[in-house]
Amino acid sequence: MKLQKSITESMELKEDIANYHGHNKDSAGQDISDAGMTIMNSFTIPEFIPPYPVRVHSMEAETCKTIREWLLYHSVDKVFDPDKFTKLLHSPEFAARMFPDTSAERLELFSKFLIVTYVVDEIMDDTELERPWETTVSLALEIHKVITSTFPEIQSVTEILDTFSTDWRETIENLFPDEPYNVKDSHPNPCEIDAGKLSPIGSCFRDFWGAAVASMHRESCLRLARFYQKFLIASLIQIQNRENGVIPSLNEYVLIRRDAGASACCLIFVDFNDGVLIPEEIFSSPQMQTMMNIFRDILSWHNDLWSFKKECLLKGDVHNLVFLLSHYLPFSYQRAAQVVTEMLRAQCSELEAVAEELLKATTAVEEHRHTVCRYIEASRRCIGATHAWHNRSLLFK
């Protein structure tokens, strides 16, 4: 479903346009910066409760302690100030709600994935970095080096750089010349990459990736690698947009945000949790991909509601649906947030409809139907978990 269609179906758009009085724009259509604090104080997140119950893994507290020790071991605490590091430590609470019945070992691995991804995302979104492009590209290439040590078949660094404009591509190439990546045909040990040459975050990812490669189906790891690469590329595109003052269109935003949220990676862990690999013909089917896109949109738009004050009003980021609706359509920020909330409700209903179609398409093979059911249930739990986590997380306080 295209974003514009979703907006139109969710709200009575024409009536809102007719009744709008320009609450956060002056007569010239420009943002009124002096009113920023007033908007901060008056903006509220509309009530939204996903229609999915939430349960918590009994090992949540123990896993949080384990993850903290793991981050300290890799010196990630040296990357952030103490307050930010403390806030990041609550990330495993999300894993405990998405997989409330998994084993302690699997909960720990998924928690490591989440925390290292949140840490990477914090660096990628940091608008106060002195050299944002160099810092973030360096981190992205470190992670890519670890991934390509296992999967030479995914895009090379050169192909990734083709995503960017000529000037920016040349800047990257001059700063970070391509290196031999110790590529092998099958499951090498990522630990063969010298940890001493990696940053604390790169070292963390190397450790996680080694455990994932050793524990998961190769095809699951390959899917995870490809989604993670898309996450890195989308994050760099957002940085390029910020540096160049580019505001994406609504449809450009959807495509960027689906990947920048890294939410598709979460569903790959369903295979790991079940020990059963969903066949490629089902994973790549139109029904499955539609369901995954709806799922990714729900998680991204939900995050946009909660991060609007911090990311947009305080830091000036434009990759946020609340901001973009207000920018392109005659909505106040508060009205835009209400529209996003209605869109979330509509997408939850759409998710259920597409899930039913997916189940009908896999009735022939019981094993496949069982695995698809697990993906659907995991999508529901993840939506409920992200809502519970955003309510609890200190990152948005």
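**Close-up 1. α11 and α12 are roughly antiparallel to each other.** This view, like the others, comes from a predicted model. The two helices, α11 and α12, pack at an angle of about 150°. Angles over 145 degrees count as roughly antiparallel, and therefore α11 and α12 get that label. Their axes lie 10 Å apart. The crossing of α11 and α12 is right-handed. On the α11 side, the contact is made by F205, F208, W209, A212 and V213. On the α12 side, C221, L224, A225 and Y228 take part. Which classes of residue make up this contact of α11 with α12? Nine are nonpolar, with no polar and no charged residues.

**Close-up 2. α14 and α19 are oblique to each other.** In this pair, α14 and α19 pack at an angle of about 130°. The axes of α14 and α19 are 10 Å apart. Why is the pair called oblique? Angles over 145 degrees count as roughly antiparallel, and 65 to 115 as roughly perpendicular. α14 passes α19 in a right-handed crossing. From α14, the contact uses C266, L267, I268, V270, D271 and D274. From α19, it uses T371, R374, Y375, A378, S379 and C382. By class, the contact of α14 with α19 has seven nonpolar, two polar and three charged residues.

**Close-up 3. The axes of α16 and α19 cross at roughly 5°.** They come within 10 Å. That angle makes α16 roughly parallel to α19, because angles under 35 degrees count as roughly parallel. On α16, look for M288, M291, F295, I298, L299, H302, N303 and W306 in the contact. Their partners on α19 are Y375, I376, S379, C382, I383, T386, H387, H390 and N391. How many residues of the contact of α16 with α19 are charged? There are no charged ones; ten are nonpolar and seven are polar.

**Close-up 4. The largest cavity has a volume of about 570 Å³.** Of its 32 lining residues, Y118, D121, R257, G261 and N303 are the closest to its centre. Which helices supply at least two residues each to this lining? They are α7, α12 (218-244), α13 (250-260), α14 (263-274), α16 and α19 (366-392). The largest share comes from α16, with seven residues. By class, the lining of the largest cavity has 13 nonpolar, eleven polar and eight charged residues. In total, the structure holds four cavities of 30 Å³ or more.

**Close-up 5. The largest pocket has a volume of about 450 Å³.** It is lined by 25 residues. Nearest its centre lie V79, F80, E122, I123 and D126. The elements giving two or more residues to the lining are α5 (82-88), α7 (104-124), α8 (132-148), α11 (200-215) and α16 (286-314). Which helix gives the most to the lining of the largest pocket? That is α8, with four residues. By class, the lining of the largest pocket has eleven nonpolar, three polar and eleven charged residues.

Key. Residues are numbered from 1 along each chain as its sequence is written. This is a predicted model: local features need pLDDT of at least 70, side-chain atom pairs count only at pLDDT 80 or more; totals for chains, interfaces and linings use all residues. Side-chain values use heavy atoms; hydrogens and water are left out. On a 1 Å grid over the protein atoms alone, a cavity is a set of points where a 1.4 Å probe fits but cannot get out, and a pocket is an open set with protein on both sides within 12 Å along at least five of seven lines; lining residues have an atom within 4 Å of a point. Grid points are joined across faces, edges and corners, and a volume is the space filled by probe spheres set on the points. Ala, Val, Leu, Ile, Met, Phe, Trp, Tyr, Cys and Pro count as nonpolar, Asp, Glu, Lys and Arg as charged, and the others, Gly among them, as polar. Axes are lines fitted to C-alpha atoms, for helices over the stretch in contact, and angles run from 0 to 180 degrees between N-to-C directions. A crossing is left-handed if the near helix is turned anticlockwise from the far one by less than a right angle, and right-handed if clockwise. Contact means heavy atoms within 4.5 Å.
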